Amino acid sequence: MSQSDAEEIASWKYEGPYSFYNAENDLEDLEELLSEKARGSNYYSVKDSNQNLIGFFSFLFHKNEAVIGLGLAPHLTGQGIGLDFVNRGINYIENNFSNINKVNLSVAAFNERAIKVYKKAKFKTVSTYMQRTNGSEYPFIKMERTL
């Protein structure tokens, strides 16, 4: 991910309850996103055929497991493309990291729209937990998919 892509992602504004995901709401995550050193090789920009930034993935690898983070540009959410977007990230892992056999992600418990997409992408709920973020604690769901 380039610095300019990171800065563009940091400026994204989501509507309604999804404003929870606006980058400025979690300064620690924002600092990581904007720091080339902190991003390292873990963040990937996703662009459309016209080279417009449409989303991102982050991948952390631990032995045979990948932990992914992702975001779709605000103007594309709720448009029915989430499943394809998630599957492209999973395909990237399968095609480039043959030793990975499990993928995990976490999602805010209120985000039923995303949870529905993850279930369609064959993720199963593993646990719920409280996550400190955005200046408070919120319930999150850990989900997992076997490759």
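My entries on a helix, the core and some strand pairings follow.

Ground rules: I am working with a predicted model, where local features need pLDDT of at least 70, side-chain atom pairs count only at pLDDT 80 or more, and totals for chains, interfaces and linings use all residues. Residues are numbered from 1 along each chain as its sequence is written, and side-chain values use heavy atoms, with hydrogens and water left out.

Helix α5. I took helices (H or I, at least four residues) and strands (E, at least two) as DSSP runs, numbered from the N terminus. Buried is under 20% relative accessible area and exposed over 50%, with a 1.4 Å probe and protein chains only. In α5, residues 112-120, I found A114, I115, V117 and Y118 buried. They sit on the same side of α5 because their arc around the axis is only 160 degrees, going by the directions from the helix axis to the C-beta atoms. E112, K116, K119 and K120 are exposed on the face turned away. Just past α5, K122 has a positive phi of about 75 degrees.

Core. I used buried Ala, Val, Leu, Ile, Met, Phe, Trp, Tyr and Cys residues joined through side-chain atoms within 4.5 Å. The largest nonpolar core has 36 residues, and I68, Y118, F123 and M143 touch the most other members. Strand β2 (residues 53-62) gives the largest share, 5 residues.

Strands. Pairing takes at least two DSSP bridges. β2 and β3 pair antiparallel over 8 bridges, with H62 opposite E65 in β3. β3 and β4 pair parallel over 3 bridges.
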